[in-house]
Amino acid sequence: MKKKVLIMPALMAFMTMILSGCQPLMVFDTKGPNAKTLSNTIILSIIVMAFILLVVYVLFVFMLSKYRASKQPSGYEPPHEEGSTKLEVTWTVIPIIIVTVLSIVTIFTTSKVEHQQTGYENKKPLVIYASSSDWKWHFSYPEQGIETVNYVNIPTDRPIEFRLYSFGPITSFWIPQLAGQKYAMSDMVTKIHLAADQEGSYMGRNSNFNGKEFAQMEFETQAMSQADFDKWAKEVKANEPKLTEAKFKKLLKTSVVGRESFSSTHLSFSPAPEMDMSKHSGESNKKDSHNMDNMDGMEGMDMSK
């Protein structure tokens, strides 16, 4: 009996030891407000679940000890036990309360990170289009008129609005230390908001398995001061080649590439799905709505390039 009781705690300790050696738990080493909000929710959930497990294991050990097998006369029959209304109500209401509280916290948190971060209301967000293809990431900066592949630079202390879509299968955009994950799809644009409080290099990746080169679909997010970001953007604009349609099509067909930089974006000849949603809806009112969004997203973009 003792061996059975010890199996589960020993297994949990073993898994904790193994998993802790894989890589740092970046979701708990947050560098931005939205990531901090999500991290706090995860920690709260872990604490609640750990408490539940503790109570369950204590009751488990107590029951095994109290009702363990013992020598009884051959004709012994256990007494008939009637149901306990108090116990039935207790183990029905407590789970409902736990699920309700966690649901409210999760809904509140999810809603909060869907919008611009608290404390950044008076700052204009930097819009970056992040599109995926097999198996790479393209980052288009309409405001700066530049584009990068497999790396993205962002300024600190400024809200960032990533607009996600895909040129291939569905992927999942994820920078664990700055924000949660969100899917990038081929026929629509989804948005994810984040901000970096500290300068540094943060790993980003596709967290949705999508093929043989899935492991190669990582990118670096370099957070730097606004002055350094402006300097970098100007250097890219002045020194890197333009992204032609032919070059972009070649990029899409190439499976794995390294880092690349361009002094123009693909948005001028291959706009994001939100810019041409009328093909999907066929409704004039939706068309007008999306055109308004397009104007907002294209703000600052040099379409002459």
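N153 stands opposite Q222, a residue of strand β10. This pair is a handy place to start exploring the model, which is a predicted one. The strands β4 and β10 run parallel and are joined by 5 bridges. From here, let's look at the sheet around them, and then at one residue in a loop.

**The sheet**
- Five strands make up an open sheet, and you can follow them in the order β4-β10-β9-β6-β7.
- The pairing within this sheet is mixed.
- Strands β4 (151-155) and β7 (181-184) are found at the edges; each has a single partner strand, so one side of each is left without a neighbour in the sheet.
- From one strand to the next, the twist averages 25°.

**Strands β4 and β10, and the helix on them**
- Strand β10 covers residues 218-224, and its 5 bridges to β4 link two strands that run parallel.
- Helix α4 (residues 226-239) packs on the sheet, where it touches both β4 and β10.
- The direction of helix α4 makes about 135° with that of β4.

**N208 in its loop**
- To find N208, look in the loop between β9 (200-206) and β10.
- Is N208 buried or exposed? N208 has a relative accessible area of 19%, and because buried means under 20%, N208 counts as buried.
- Leaving aside residues up to four places away in sequence, N208 touches I170, T171, S172, Y183 and F214.
- N208 and P169 are 39 residues apart in sequence, while their C-alpha atoms are 9.8 Å apart in space.

Methods. Residues numbered from 1 in each chain as written. Predicted model: local features only at pLDDT ≥ 70, side-chain atom pairs only at ≥ 80, totals over all residues. Heavy atoms only, no water. Pairing = 2+ DSSP bridges. Helix = DSSP H or I, 4+ residues; strand = E, 2+ residues; numbered from the N terminus. Axes fitted to C-alpha atoms, helices over the stretch in contact; angles between N-to-C directions. Contact = heavy atoms within 4.5 Å. Buried < 20%, exposed > 50% of the residue type's maximum accessible area, 1.4 Å probe, protein only.
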